[in-house]
Structures are given as structure tokens and as C-alpha cells.
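Happy to walk through this one with you. Let's take it a question at a time, with the coordinates open alongside.

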Amino acid sequence: MSAKAEALGGAGESKLSPQFHVAHHFDKADTQFDAGRMGVWLFLVTEILLFGGLFCAFAIFRSKYFPSFVEAHHHLDRVMGGINTIVLITSSFTMALAVRSAQKNETKKTTLLLAITLACAAGFLVVKYFEYSHKIHDGLLPGGNFTAADFASGHPGIFFAIYFMMTGIHGVHVVIGMGLILWILLRNQKNEFSSRYYAPVENVGLYWHLVDLVWIFLFPLLYLVG
Amino acid sequence: MANTATVDELGHAPEVRGKNYLNQTAGVWSWLTTVDHKRIGIMYLVSVLVGFGLGGIFALLVRLELLTAKKTIMDATQYNQAFTLHGAAMVFLFIIPSIPASLGNFFLPLMIGAKDVAFPKLNLLSLYLFWIGAIFMLAAIVTGGVDTGWTFYVPYASGVSTTSVISATFGVFVMGFSSILTGLNFIVTLHKLRAPGMSWYRMPLFLWSLYATSIIQVLATPVLGITLLLLIFERAFHIGIFDPTLGGDPVLFQHFFWFYSHPAVYIMILPGMGVATEILSTHSKRRVFGYKAIAFSSVAIALVSFLVWGHHMFVSGQSELSSAIFSFLTFFVAIPSGVKMFNWLGTLWGGSIRFTVPMLYGIAFLFLFAIGGLTGLFLGTLSVDLHLHDTYFVVAHFHYVMMGSTAIAFFGGLHHWWPKMTGKMYDEKLARVGFALTFIGFNWTFFTQFILGTRGMPRRYYNYLDQFQPLHAFSTYGSWVLGTGFLITFICLARSLKTGAPAPANPWDSTTLEWQTASPPITENFEKAPIVTLDAYERPAEETA
Ligand code: HEM
Ligand SMILES: [Cu+2]
């Protein structure tokens, strides 16, 4: 980070916002930023492994109950899923722009971009809400709760178990992400970030990209190929 | 003695210096809100010792029940609960957090000359997560117990059992995050906070073992998290993933579970190996033989450990081909373990061995780990495991590695670093008595179980054939000796807090960095940031001459 930050900010520590101070156990601000970033990357690795278990279960049951999976996936709403994919990719894009504008000291623009990201996330959840209520209404539910009648194949309940677990856990991540984005938005409004200190924006951004990325795998697997 | 530029100013006795991390601030609140890795380490230490005590009580109850072939003190359901709670408490409340979270937290920053871990607040958060998880687990005990075994196998755990499985598994789930965050913190700390001059190859080997452990914590624990979450949903909402009547697959649970839990056994043993390395080198005044071999074998063990989980499922209907592959890979793990074993012996060779209390634990570790590891190879052999699976042989095997190796290393480390942590020396004689009873009682209890196992005594049974009774009774008597040994050790350490003589900065004449500051250390660890000029086990020229 050091070289880049130096180049962008031009000045050294003086450009750090007044609220920021280097924690006593770091030798300099850059070490602290690097450590923070490394921590976030490691955290993202754990997230991938968490979802990895579910992807693995998906692969196993799909090969075991292929006809059920094909039949069940026709009951997912591709249009809504597609809209949500676009919404999330857009939010990832605005998030990336927000990091960039934070780096360039454009506080107002950062606020705006973060607000758009937040709105997209909320939109995603609204669409998800409609999808879920449809499924619940039709009895397209996990395992023992599955009540939809007109199914030809054996185990659609397993498909919906995986669908609800994966999208549910993903949804929880979206909610947490919204909390985090709101947090940096408020801090940004208090002028806490600058070209010399934007680590929280960047780290929340990394998290948000992961949330987006997981969805980019979920959508085709669940909605398109089944 | 010296390997930093700042030693001489620091080797004072504590009363000369005044302030240290223990008396810097006072009051319960100052502890609960501290971000000092040393205080957090101490709080972890107390917590895991409580967990150990709890697990120990259940252990003695289990052994007491097995004294006779029929009912002794409890009925079958209570017995199922007793062994489950024993296993769950020992694994999740004691052994997994034991060395990394207590000794590791305390010494990792000291050993690299840092002021703290990279994320002190996160460190405190992981302690709180540990406590919250532990509360859920304890809540399970009072709200109906758990009787599934520590492995929570489905479909029993997801449907049949009527006990508080959800509370217990949710507790483990939360504790998993605590473990992940500790691992993450350690990795970043080792990468970013090493003092000037402290290169990777100058780090004490305990830190390499913690690094390897942290990798496993970060990579394996999330899989346990998702597995337990699925189990909880299965039990609460019948989602069907593990339920055969709904098309689910119970064996998938075993795969998921062991994908975490086999690497987790290395979360348990690697730190113990690290502690043993420090003890063996310090108390024989020898540089560690084969530094890099030990360092890299830790990392190798961590990586290979991800590839062997199937050896717990040889009789779970796994295909013969997969079983054969898992068996082969299991033997492969033995190589880095063997490398360590020979390097430890090489370290002792020609050293001036001092039979201090930590050293006794260190040598016991070598002895017991050899037995535990080699019997692991018996079990990794397909044809042998078909007979030994789910017998007392397995019980004996894992007690030799978990209790005989990790717990012994933990107590060795506790005695080794006790003067540094508390600033007090302990009564060597009493500590030796505690050690001797522990060592004798341990072998008495568990070696017997190897014999029981080879004769066909299955594990987790409450009644058994009369022919096993003499050996079972013998094992139970051993458990009393073992229990007495630990009791004496605790008394000895507790007494040292009150009446122990003040500890000098470096009572064992060790070369590693944590001994170059006062006992107990000041809150900032070092009065002046250390600059490292020597390897971890290197003595300055004037001393070696
Ligand atoms: C040389 C290394 C090791 C090898 C080759 C090995 C091999 C095995 C095998 C094959 C089993 C399955 C036996 C069965 O269920 O039939 C087993 C069980 C077990 N091992 Fe090891 N092991 C090794 C080291 C360790 C270590 C270091 C620990 C813990 C610190 C450990 C803890 C356990 C536990 C807890 C079980 C039983 C799990 C259960 O079913 O409850 N092992 N080991
Ligand atoms: Cu294993």
C-alpha cells in the first residue's frame, strides 16, 4: 500500500485524518493497513470454505438426484434471479468506485456511491423476499416441509434444502454487508477517510465483492443449470 | 543469555521494577475490557483449566461406572451423557483452545519481540465468543444433557436423541469462530509484527507450530461451522440433507465432520509439539537439532492432515478404493511426525540434560507420543482397523495422543512458563510428585485399554462381558491415581501463587526472547523494542566459548 498511497496522497502521515492514530503495537501506519488487509483476506478465505461445504453438498446431491434437480430448478424464478444478479454486480461496481473516490479524497462522491451500493443491497433483499414468499406459498420447501404436489421425480426437497441454505446464508451476508456499508458511510460523512487512510472502505469493499462473487456462482448453479 | 541489545536493563527482579501487566491496572472490569494479549492469555488459561476440570469429573464418573460389568452408579442413558460431555468438554473446552489460546496468546508476541498481537480487540472478541459458546454448551448440560458422543453423528443426533443437541452444537459453532479468529490473528501477527532482525528462521519453533496450527484453524474450522449449522437445521426443521428417509446422506455428515476433525487433531497436537521443542532445547541447553526440518514438518503435517479424513470411515461404507487411498495417505502423515521425533532425540543427544519439572513432562511427551503415533499407524492399516475400529484400542490411541501428548505438553509448558507468567516459582518437589502420579496413572489407565481393545471390548458400552471386568477395574484404579496427580499439580501451582519465591527473569537460562524481559513482563512487553541479532537457540559467543 505504501508506495501507492504515497503517490496518491502526496504527503505522509500529516494527511491522516485527525481521528486516526497508529495503534501502539504497530511500527507505522502502513504496517497497520497491511495487517488489516491481510486479516480481511484471510477472513474471506474462511468464507469460501464455509460456502465450499454447501457447494460440495450441491455437487453430490445433484449427481445423486439429477432428475429431481433439473425438475426443481424450473420452479426458481430466473427473471427475479437475473435481476438480482444485475443488482448485485452493479453494487459491486459502485463499491469499487467508492473505494477509488475515497482514495482520491472525494468525500461527497464516496457518500453517494456508498448510498447507491446500500440501495442495491436493499433492493436485492426485497426481490429475495418476493421469491421466498412464492416458494413458501407453493410449498417448495426443504426436505420434510416440502408439500408441492405435482412433482414427477423423487427428491426435490433436497434441492430446496440446498437452495434455502445457500441463499439464506448468502442473504445473512448481505444484511451484515449492509450494516458494514452503513458504518463506513457514516464515518465517511464525518470526514474520517482520506487518501492516506481509507483502509476500512477498502476492507468492507473486499467483503462486499466476496458476497457478490458467491452469488455469481449461486445464480447459474441453482437457477440456470439446476 | 543475551540475544538482544536490551537485555541487561531488563533482567531485574519484579519488585525492583514495580509495575507489570498484572498490577498495571486493577479490578475485574480492567480484565474484562483488556486488550493485552497476556491478560487475555491468562483468562483463556483459567477458562480451559475449568473446562479440563469439568471434563475430568465426567471422566472419573465414566471410569467409575465401568468398574463393574453391570450398573455401578448410573444407568445407560446417564452413561451416554457422561461420556459425551466428557468428550465434548475435553475437545472443545479444553484441548483445542488449550495451548494456542492460552500459552500461544501469552507468548507469541513476546517471542517475536512484539507489543501485542496484530488485532488486540479481535483477540478479546474471540475470548468472548469462546465464553458464549461455552455457556451454550453448559446450558445443554442443565437442559437435558447431550448423549450423541462428541462426534454428533446423524441420524441419531439429528432426529433420534431427545437431549439438548442444538444448544451443544450451537455452542461448538460459536467456539469455532473463536478458534478461527485466534488463528487469523496469529498468522497476521507472525507476518507483520516480528521485531527487527527476527527473521522467519530465527523464530522459536513453538511459533512455527502455532503458525501451522493457525493455518488449520483458518482453513478447516469453517467447514465444521457449516456442518454444525446443517445439523442444527436438520434437527430443527428437517431439511433432509442428512436424513436418509428424506433422501439425505448421513455418511456425508461423517465426511464433513472428519474433514474438520482430522485436521483438528493436529490443531491439538502441533502446539504440543512446539512446546515440547522449546522445553527439550532449553532444559538440555542444546540448540534444536534440525531447525528447518522441525519447522517444515509442522507445515507439512498441517497440509497432509487435510487429506486423510477418510481413515475414520473405513467401516462406514466407503469404497475400497477410497479406503486404500486414505490408508496410504495416513501412513504419509507419519513421515513428518517421525522427522520431528528423531530431531528431538538429536537435540537431547549430547546435551546437558537437567531433569527439571518441565523437562520431565518433555521426556514423557516423547515417550507417550511415540506410543500414540505408532498405534495410529495400526489403525490406519485397513485390515487391522476392521477389527479395532470402535474398540478400546481406538480409545487408548487417542488418549495417548490427546492426553498423553498434548495435555502433557500443555502442563509441561505451564511449568516451563509459569515463572514468566506469574512471576513466581513453584515447589519443585511437589510438582514432581504431581508429575509422577500423572505419568504413572495415565499409563496405568490407558495402556490397559489397548489390551481391552485388542480383546474386543467395544467403546461406548455401559455393560460388558464379565471377561473384561478385571482389566476395566484395573483401568479405573489407574484413573484415580491420574486424578490425584492432577489434583496435586493444581495444588502446587495454586500454592505457588501465594507463597512462591519471586521468579528471576530467566530461571532456566533459556535463549528465546520471552525470557529477556522481566518476570512477569510489563504491559508493553519490553522496555525497549528488541533488536534480534541471534538465532532462537543460539548463545552469544562469549558464553559458548
Ligand atoms: C501418527 C499420527 C496418527 C495416525 C496415523 C492416526 C490414525 C488414526 C486412525 C486411523 C483413527 C481411526 C480409528 C478408528 O476409528 O477405527 C484414529 C482415531 C482417532 N485419532 Fe488418531 N492418528 C494419529 C494421530 C492422532 C493425534 C495426534 C490425535 C490427537 C491429538 C489423534 C486423535 C484421534 C482421535 C480423537 C480419534 C478417534 C475419533 C473418534 O472416533 O472419536 N490421532 N487415528
Ligand atoms: Cu484422523
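Q: Leaving aside its neighbours within four places in sequence, which residues is F365(B) in contact with?
A: This is a predicted model, so contacts here are computed from predicted coordinates. Contact means heavy atoms within 4.5 Å. Once neighbours within four places in sequence are left out, the partners of F365(B) are I269(B), G272(B), M273(B), A276(B), W344(B), G404(B), S405(B), I408(B) and A409(B).

Q: Which residue is the only protein donor of the iron atom of ligand 1?
A: The donor atom is an NE2, at 2.2 Å from the iron atom of ligand 1. The residue that carries this atom is found in helix α15 (residues 392-422) of chain B. The only protein donor is H397(B).

Q: What are the protein donors of the copper ion (ligand 2)?
A: In sequence, the donor residues of the copper ion are spaced H-x48-H-H. The donors lie 1.9 to 2.0 Å from the copper ion (ligand 2). They are H262(B) through ND1, H311(B) through NE2 and H312(B) through NE2.

Q: Is H262(B) buried or exposed?
A: H262(B) is in helix α10 (residues 250-282) of chain B, while H312(B), 50 residues apart from it, is in the loop between α11 (291-304) and α12 (320-348) of chain B. H312(B) has a relative accessible area of 22%, so it counts as partly exposed. The relative accessible area of H262(B) is 5%, and buried means under 20%. H262(B) is therefore buried.

Q: What is the angle between the planes of Y132(A) and Y163(A)?
A: A search of the whole structure finds 67 aromatic pairs over all chains. One of them is Y132(A) with Y163(A), an edge-to-face pair at 6.3 Å centre to centre. The pair links helix α5 (residues 107-138) and helix α6 (residues 156-189) of chain A.

Q: How many residues apart are Y79(B) and F83(B)?
A: Both residues are buried, and their rings form an edge-to-face pair at 5.6 Å centre to centre, with 65° between the planes. Both lie in helix α5 of chain B, about one turn of the helix from each other. Their spacing is four residues.

Q: Over which ring does the charged end of K292(B) sit?
A: Elsewhere, the charged end of R39(B) sits over the ring of W31(B), 4.3 Å from its centre. For K292(B), the distance to the ring centre is 4.2 Å. The ring is that of Y201(B).

Conventions
Residues numbered from 1 in each chain as written. Chains lettered and ligands numbered in written order. Predicted model: local features only at pLDDT ≥ 70, side-chain atom pairs only at ≥ 80, totals over all residues. Heavy atoms only, no water. Donors = N, O, S within 2.8 Å, 3.2 Å for Na, K, Ca; no water. Helix = DSSP H or I, 4+ residues; strand = E, 2+ residues; numbered from the N terminus. Phe/Tyr/Trp six-rings, centres within 6.5 Å; stacked < 30°, edge-to-face > 60°. Buried < 20%, exposed > 50% of the residue type's maximum accessible area, 1.4 Å probe, protein only. Lys NZ or Arg CZ within 6 Å of the ring centre and 35° of its normal.
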